[in-house]
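This report covers a chain interface, a metal site and a strand arrangement. The sequence and the structure come first.

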Amino acid sequence: MMRVKFWGVRGSIPCPGGHTAKYGGNTSCIEIRFDDVGRQIIIDAGSGLRELGNFMMGHDLPKGPISTSIYLSHTHWDHIMGFPFFTPIYLPSTRIEVFGPVSHESDTLETIVGGQMTYRYFPVRQAELAATISYANLKEGRFDLGDGITLTTKYLNHPILCLGYRFEYQGKVFCTAYDTEPYQNLFCTDSDSTEYDEGMALEGEVVAREQNEALESFVAGADLLVYDAQYTQGEYIPGKVGWGHSSMEFAIAVARRRQVKRLALFHHEPVRTDGEFDELAAIYAQTGDGDGPEIFFAREGGEIIL
Amino acid sequence: MESSDHLTHVIQAYIDRMPSLSTTVNKVLEVCNSPKTSANDLNRVISLDPVLTGHVLKLINSAYYSLPNQVSSLARAIIMLGLNTVKNLALSTAVIGALGKKSCFTALSMDAFWAHSICVGVTAKALAAANNVAGSERDEYFVAGMLHDLGKIPLNKCFAAEYAQALQLAALEQGSLLRSEQLLVGIDHGMAGRLIGEKWRLAPSIVDSLAFHHAPEQAPADSRTLVATVALANLYANIYEIGSAGDTFPEAPFLMSILEMMDLKWTDLAPLHAIVRMELDKAQVFLKLTE
Ligand SMILES: [Zn+2]
Ligand SMILES: [Zn+2]
């Protein structure tokens with residue numbers, strides 16, 4: 001059994017306040033518990049990680065030293081900003097492994113994540129952290145995490161290197177694919193334009209299709225899929241193409257095409273209020289009684305058992 | 001002459017700091033530094049420099065990304081990794097280009113080498129089109145043609161005196177440069193090209209065209225059509241003297257055997273002339289070359 005809990009569901013920046021109390025204002029953080037084998041995995045260290053850390057101090061620490069793994073989808077700030085506020089890092093007994101993708105021209109993961117802890121930004125320096133923290137670069141691949149847990153990773157379409165995660169455990173599949181948008185043919189397709197090059201245009205078409213295919217296969221058959229749905233299609237098309245996020249319509253279409261059982265729409269636009277979510281839910285949410293997937297907007301504090 | 005192990009070692013040590021051609025560096029910096037660069041411009045500017053193209057493909061196929069399938073075209077890399085990533089790859093690579101002064105090209109003329117490379121790239125692509133290769137695969141032909149003579153760069157740089165002699169000998173004998181390279185340097189540009197391709201982990205088809213473009217019949221069956229196309233494009237560039245990479249005297253029997261392999265007649269190549277000239281002009285305008 002996997003227990004998946006949302007500690008942060010927003011994109012871009014935390015947005016606390018009266019209008020976001022119901023769906024939550026913290027940025028990306030998802031916890032998976034594998035109770036049968038006593039393992040915990042955290043995906044992303046957005047501001048939601050602070051609350052999770054506080055919970056772990058009360059719930060896990062009394063049972064023994066904290067040991068956990070954090071898998072970062074990527075290193076944009078909204079996905080790492082919670083790390084300095086994750087209380088367990090200040091305990092000498094804590095052991096944490098941090099995994100994530102880093103592109104070749106960038107610094108190491110340790111510098112990017114730990115670099116938030118320099119006096120310029122923060123009163124505690126990374127070197128002063130008491131916990132044992134290790135960092136490892138992650139790429140596309142399939143990994144045996146032990147205890148019967150398998151992880152497959154897949155590059156997504158975002159302005160920096162970004163990974164989707166697919167965990168398989170006891171025949172169940174939990175999958176994330178956020179901070180991604182549909183691959184597009186980036187080359188000029190207007191044959192009247194001076195820029196036009198037939199070869200580039202055709203190849204762009206083929207590769208975009210192939211990449212979308214590959215991403216869809218990656219999420220196929222998931223029991224729970226957490227997918228980027230920052231925008232409505234109406235918001236996406238006129239101004240947000242190329243920003244690295246998807247529309248709700250696209251997320252839903254993928255889940256339908258690929259027999260996903262439950263779809264959590266995720267990485268919400270910060271300006272979206274609870275009232276707007278309730279209206280959108282009336283349009284997009286599904287119970288899953290019919291033949292399609294169950295569809296819902298991810299909510300901070302929401303828990304799903306697989 | 002030195003032992004071939006030693007020669008290999010000298011060349012391998014040089015490969016990773018191999019400079020871009022200064023012909024294109026300024027334009028690369030301009031295009032990659034602009035926030036408004038289009039995918040078309042980015043692809044074009046990188047693909048106009050054989051060394052830069054090789055370096056970028058090398059990084060994309062490297063352990064940093066460890067992609068499951070080898071990427072042999074820039075267009076594919078741009079869609080998969082995004083404009084930003086490829087721009088940054090090119091920028092970080094083009095910095096090496098600062099070393100690529102024209103003086104590095106002691107025996108070969110860099111501008112003539114560049115024109116030869118691009119002519120072979122464009123011709124290979126046009127031949128692929130004439131042979132009904134799918135549009136989305138023609139870029140690979142272009143890349144293979146553009147890169148085919150990369151092996152000459154380390155030879156020319158690491159063994160400048162010997163290489164100058166090899167070029168002279170080939171000119172004197174009106175014979176094969178490959179043979180005089182073997183004779184006077186001890187390693188030819190096909191062998192050096194293979195070292196580059198393998199060190200940079202370029203796609204096997206590209207490595208084959210670096211290694212076998214003077215003997216396509218020896219290329220593995222999978223890549224033989226591509227290699228033969230590049231070989232023919234190379235002969236075309238040499239016969240019509242578009243640019244120069246030192247191979248000025250193609251052997252007639254070799255030409256006949258490739259035409260046979262490709263089921264073509266020499267007259268089939270004449271219509272390519274207009275396309276090749278146009279592409280070369282476009283590239284020159286794009287790079288704002290003055291001469
Ligand atoms: Zn984000
Ligand atoms: Zn050659």
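In this predicted model, 29 residues of chain A are in contact with 31 residues of chain B. The two chains bury about 2600 Å² between them, and 53% of that area is on carbon and sulfur atoms. On the chain B side, N40(B), R76(B) and I79(B) lose the most area to chain A; together these residues account for 25% of what that side buries. There are 3 salt bridges between chain B and chain A. One of them joins the side chains of R138(B) and E198(A), at 3.8 Å from N to O.

**Zinc site**

The zinc ion (ligand 1) has four protein donors: D78(A) through OD, H79(A) through NE2, D179(A) through OD and H267(A) through NE2. They lie 2.1 to 2.4 Å from the ion. What makes the arrangement irregular? The 4 donor atoms subtend angles of 86 to 170°. For reference, the ideal angle for four tetrahedral donors is 109.5 degrees.

In sequence, the donor residues follow the spacing D-H-x99-D-x87-H. D179(A) sits in the loop between β10 (172–177) and α3 (198–219) of chain A, and H267(A) in the loop between β12 (262–266) and α6 (274–284) of chain A, so the pair ties together parts 88 residues apart in sequence. D179(A) is buried, with a relative accessible area of 1%. H267(A) is also buried, at 1% relative accessibility.

Strand β2 (residues 29–34) of chain A is largely enclosed by the rest of the structure, because 6 of its 6 residues are buried. Both faces are covered: C29(A), E31(A) and R33(A) are buried on one side, and I30(A), I32(A) and F34(A) on the other.

| Strand paired with β2(A) | Residues | Bridges | Direction |
|---|---|---|---|
| β1(A) | residues 3–8 | 5 bridges | antiparallel |
| β3(A) | residues 39–43 | 5 bridges | antiparallel |

Towards β3(A), F34(A) stands opposite R39(A). β2(A) and β3(A) form a hairpin with 4 residues between them. In the turn, G38(A) has a positive phi of about 65°.

Methods:
Residues numbered from 1 in each chain as written. Chains lettered and ligands numbered in written order. Predicted model: local features only at pLDDT ≥ 70, side-chain atom pairs only at ≥ 80, totals over all residues. Heavy atoms only, no water. Donors = N, O, S within 2.8 Å, 3.2 Å for Na, K, Ca; no water. Tetrahedral: all angles 85-135°; square planar, octahedral: opposite > 155°, others 65-115°. Helix = DSSP H or I, 4+ residues; strand = E, 2+ residues; numbered from the N terminus. Buried < 20%, exposed > 50% of the residue type's maximum accessible area, 1.4 Å probe, protein only. Pairing = 2+ DSSP bridges. Contact = heavy atoms within 4.5 Å. Buried area = accessible area lost by both parts, 1.4 Å probe. Salt bridge = Lys/Arg side-chain N within 4 Å of Asp/Glu carboxyl O.
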